[in-house]
Amino acid sequence: MRVLVIGANGGVSRHFADFVKDSETIEEVAAIRNLDQAPFFEERGIESVYLDLTKHTQADIEKILTDNNIDSVIFSAGAGGSGDDIVMMVDLDGAIKSMQAVEAVGIKRFVIVSTFRTGREEIEKGVLRVYTTAKTYADEWLKSRTNLDWTIVHPGVLRDEPGSGKITTEPQAEIIDVARQNVAQTLLAVLENDNTIGKEFEVVDGDTDVTTAVQNL
């Protein structure tokens with residue numbers, strides 16, 4: 001399986017590259033917004049392509065998908081801290097544009113990294129309101145407006161400490177932490193397990209091995 005990772009230079013995605021480089025079944029193509037980021041992936045034997053969601057069209061994304069023989073997509077792009085207009089162009093329009101491109105070329109598998117909580121109640125709390133709105137409606141579009149084999153991953157508060165390789169996917173009463181490494185390992189397990197198709201779940205640090213937790217979804 002060849003997976004295009006959109007937002008490949010993000011904190012979670014860089015850890016994903018470290019995990020997937022040793023996979024015998026999954027090969028990454030890294031979609032990056034700055035070509036100066038390419039050496040990180042070259043060192044890991046991973047191809048990279050230039051993709052700027054604020055500039056490229058759906059047709060441009062379709063060409064990237066077909067030219068690189070892509071079988072699946074992980075959308076892990078995020079524009080937090082870049083201004084509300086960029087957030088909407090990346091986290092909402094960029095996500096939907098990517099879904100439409102994937103459908104147009106006949107790819108089915110689409111995994112999206114969302115925020116921990118989405119929905120009307122979360123939007124009305126007013127915390128990171130624009131970002132939460134963008135993620136909410138991108139998730140809803142994926143579920144209700146596509147025929148893709150989707151999975152939505154809702155990570156907790158991301159932190160940079162080394163991951164334990166153990167998580168929980170049980171719903172939490174409050175948002176808690178998760179190591180970026182653990183989320184990255186979860187994404188790889190999602191691609192390896194078709195039981196995750198049509199499911200969305202929270203992921204935070206826990207006591208269950210990542211592979212087991214994902215297989216038990």
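Reply: Happy to! One term first: contact means heavy atoms within 4.5 Å. Please keep in mind that this is a predicted model.

Me: Thanks! Leaving aside neighbours within four places in sequence, which residues is Tyr50 in contact with?

Reply: Tyr50 belongs to strand 3, residues 47-50. With its neighbours within four places in sequence left aside, the residues in contact with Tyr50 are Ile32, Arg33, Leu35, Lys55, His56 and Ile64.

Me: What separation do the C-alpha atoms of Tyr50 and Asn34 have?

Reply: Tyr50 and Asn34 are 16 residues apart along the chain.

Me: Is Tyr50 buried, partly exposed or exposed?

Reply: Buried means under 20% relative accessible area and exposed means over 50%, with partly exposed in between. Tyr50 has a relative accessible area of 35%, so the class is partly exposed.

Me: And His154, is that one buried or exposed?

Reply: His154 sits in strand 6, which covers residues 149-155. Its relative accessibility is 5%, so His154 counts as buried.

Me: On to the helices. How are helix 4 and helix 6 oriented to each other?

Reply: Helix 4 (residues 84-104) and helix 6 (residues 129-144) pack with their axes 9 Å apart, at an angle of about 10 degrees. Angles under 35 degrees count as roughly parallel. Helix 4 and helix 6 are therefore roughly parallel.

Me: How many nonpolar residues does the contact of helix 4 with helix 6 have?

Reply: Helix 4 contributes residues including Val87, Leu92 and Met99, and helix 6 contributes Tyr131, Ala138 and Trp141 among them. By class, the contact of helix 4 with helix 6 has three charged residues, one polar, and the nonpolar number is 13.

Me: How are helix 1 and helix 7 oriented to each other?

Reply: Helix 1 (residues 11-20) and helix 7 (residues 180-192) have their axes 8 Å apart and an angle of about 55 degrees. Angles of 65 to 115 degrees count as roughly perpendicular and those under 35 as roughly parallel. Helix 1 and helix 7 are therefore oblique.

Me: What handedness does the crossing of helix 1 and helix 7 have?

Reply: The contact involves residues including Phe16 and Phe19 of helix 1 and Leu187 and Leu191 of helix 7. Where helix 1 passes helix 7, the crossing is right-handed.

Technical notes:
Residues numbered from 1 in each chain as written. Predicted model: local features only at pLDDT ≥ 70, side-chain atom pairs only at ≥ 80, totals over all residues. Heavy atoms only, no water. Helix = DSSP H or I, 4+ residues; strand = E, 2+ residues; numbered from the N terminus. Buried < 20%, exposed > 50% of the residue type's maximum accessible area, 1.4 Å probe, protein only. Axes fitted to C-alpha atoms, helices over the stretch in contact; angles between N-to-C directions. Parallel < 35°, antiparallel > 145°, perpendicular 65-115°, else oblique. Left-handed = near helix turned anticlockwise from the far one by under 90°. Nonpolar A, V, L, I, M, F, W, Y, C, P; charged D, E, K, R; others polar.
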